[in-house]
Amino acid sequence: MPPNRPPVYGKYITILSIDGGGIRGIIPATILHYMEEQFQELDGKDARLADYFDVIAGTSTGGLITAMLTAPNENQRPLFSAKTIVEFYMEKGPDIFPQGCQACCDGGCGCCSLNCESCGCFGFISDMCRKLRSCFCGCCGRIADTGRQFRSYCCYPKYNGKSLHHLLYTRMGTTKLNQTLTNVVIPTFDINNRYPTIFSSFQVDNIAMMNAKLADVCIGTSAAPTYLPAHEFTVEVDKIEEQFNLIDGGVAANNPALLAISEVTEQVHMQNPDFPKIEPLDYTNYLVISIGTGEKLNKNKFNAKEVNCWGKIGWILNTNAFTDIFFDASAAMVDFHNFVIFNSLQRKDNYLRIQDDKLKGDLASMDLATPENLENLKKVGENLLGKPATWVNPDTGKEEEIKGDWFTNKLALRGFVEKISEEKKNREATFQKMENAN
């Protein structure tokens, strides 16, 4: 399949964005599988999503999906299809997030193998942690879960990340950021510099130190605090080393759609020859698809009096509530901003946000990777395609169903696919015409 010519040869700038959300990444992966099938129906079985988007952005599990969609194989084609990404989550999810006694024994940081100094806690707590582990191993799942929670609260991330690291290093090897088949934008947060670190294809030429291995970038952006360990690695250029100490990109942008738009805006402002000469903030010719990983229906709700009584310990004990508040607020503000911008430009049909905000029970978990829950999450993605397409009402901040031809997410996606496929063909025709003229 011919490469996707840069936007300067066409009419639109195409952007795909994928949220963070742990094991719930199977939801957007399922939707991407449908979208890729639609491209294949129009343009042949070899069509891949990386052939159509000028930028693919992803945070945390979305960053992993982004890298999998754009990393090249030996034939300079995408290493993964969207279908095989779904299979990856189904098959490898239980290894990345082991459950029950397996998590107690093997999934955590490894309290038995670490000495007190590396624990970061007081020695007696570390000793207690080891003793609890030895007592709980081989016990019932409930006791194992108690031991796992104790370690999580006291000393260690819930999972050691070894399986994820092995999978990524094995599959992606030494592939670096500048080798992706289309531009990518993957946010992380450097806890040493206390500043977001954005791994962007657009920045690599100017900042050589950002040209990290894709595997390292994926591990960094998915290192969710309390779930997976922070990731430390170095990039060496001309015998000069840059050290990175990264945690989950959701700290910076759990919904990276606005970040991707900003990266393109900067290229337009800098007059990158790959982009048309337009006003930097003119989004009229942008086509943006943003896919979420789902939100909990019955979110934790608190009143001011209750929260005021928490203190530090209360906030620690309600970590999940704090995380929900933080990530939901961040993602919602991005969606709200994007809709307002596209609506004000009379281009509502150029922006599509697909999100399920009614997840219940186990489906809302970031790390429940049992075969049953994985299958149910896959069904959530499939069912989401048939649900009404929505947009944010700028007056209320709430999502409302879109009225008109695009009444389901499936039909809305099909409309985008047809437009983007046509865009790719038009770019190729314009490129060939200019080549013949020369």
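Reader: Starting with E423, is that residue buried or exposed?
Author: In this predicted model, E423 is buried, and its relative accessible area is 4%.

Reader: Which residue does the side chain of E423 meet in a salt bridge?
Author: The side chain of E423 meets that of R427, with 2.8 Å between N and O. R427 also counts as buried, at 1% relative accessibility.

Reader: And how are E423 and R427 placed in helix 16?
Author: They are four residues apart in helix 16, so about one helical turn separates E423 from R427.

Reader: How many salt bridges does the count come to?
Author: The count comes to eleven salt bridges. Among them is the one in which the side chains of E41 and R414 meet, at 3.3 Å from N to O. E41 belongs to helix 1 (residues 26-43) and R414 to helix 16 (residues 409-437), so this pair ties together parts of the chain that are 373 residues apart in sequence.

Reader: What about burial, are E41 and R414 buried or exposed?
Author: E41 is exposed, with a relative accessible area of 57%, whereas R414 is buried, with a relative accessible area of 18%. The cut-off for buried is under 20%, and the 18% of R414 therefore counts as buried.

Reader: Which residues are linked with E41 in a network of salt bridges?
Author: R414 and E418 are linked with E41 in such a network.

Reader: What does K158 form a salt bridge with?
Author: K158 forms a salt bridge with D367, and their closest N and O atoms are 2.8 Å apart. This pair links distant parts of the chain, 209 residues apart, since K158 sits in the loop between helix 7 (141-154) and helix 8 (162-172), while D367 sits in the loop between strand 8 and helix 15 (371-385). D367 is buried, with a relative accessible area of 6%.

Reader: Changing topic to strands, how many residues of strand 7 are buried?
Author: Strand 7, residues 286-291, is mostly covered, with six of its six residues buried.

Reader: Which way do strand 1 and strand 7 run, parallel or antiparallel?
Author: Strand 1 (residues 13-18) and strand 7 run parallel, and six bridges join them. Within this pairing, L16 stands opposite I289 of strand 7.

Reader: Over how many bridges do strand 7 and strand 8 pair?
Author: Strand 7 pairs with strand 8 (residues 351-354) over four bridges, in the parallel sense. I291 has I354 in strand 8 as its bridge partner.

Reader: Now pockets: what is the volume of the second largest pocket, and how many residues line it?
Author: The second largest pocket has a volume of about 620 Å³, and 29 residues line it. Of these, D54, L181, T182, N183 and D274 lie nearest its centre.

Reader: What classes of residue are in that lining?
Author: The lining of the second largest pocket has 13 nonpolar residues, ten polar ones and six charged ones.

Reader: Where is Q203, and what is it in contact with?
Author: Q203 lies in the loop between strand 4 (195-200) and helix 9 (214-221). Setting aside neighbours within four places in sequence, Q203 is in contact with E263, E266 and Q267. Although placed in a loop, Q203 is buried, with a relative accessible area of 15%.

Reader: What about P3, where does that lie and what does it touch?
Author: P3 lies in the segment before strand 1. Not counting residues up to four places away in sequence, P3 touches K424 and E428. P3 and A50 are 47 residues apart in sequence, and their C-alpha atoms are 9.2 Å apart in space.

Methods. Residues are numbered from 1 along each chain as its sequence is written. This is a predicted model: local features need pLDDT of at least 70, side-chain atom pairs count only at pLDDT 80 or more; totals for chains, interfaces and linings use all residues. Side-chain values use heavy atoms; hydrogens and water are left out. On a 1 Å grid over the protein atoms alone, a cavity is a set of points where a 1.4 Å probe fits but cannot get out, and a pocket is an open set with protein on both sides within 12 Å along at least five of seven lines; lining residues have an atom within 4 Å of a point. Grid points are joined across faces, edges and corners, and a volume is the space filled by probe spheres set on the points. Ala, Val, Leu, Ile, Met, Phe, Trp, Tyr, Cys and Pro count as nonpolar, Asp, Glu, Lys and Arg as charged, and the others, Gly among them, as polar. Buried means under 20% relative accessible area, exposed over 50%, partly exposed in between (1.4 Å probe, protein chains only). Helices (H or I, at least four residues) and strands (E, at least two) are DSSP runs, numbered from the N terminus. Two strands pair if DSSP finds at least two bridges between them. Contact means heavy atoms within 4.5 Å. A salt bridge is a side-chain nitrogen of Lys or Arg within 4 Å of a carboxyl oxygen of Asp or Glu.
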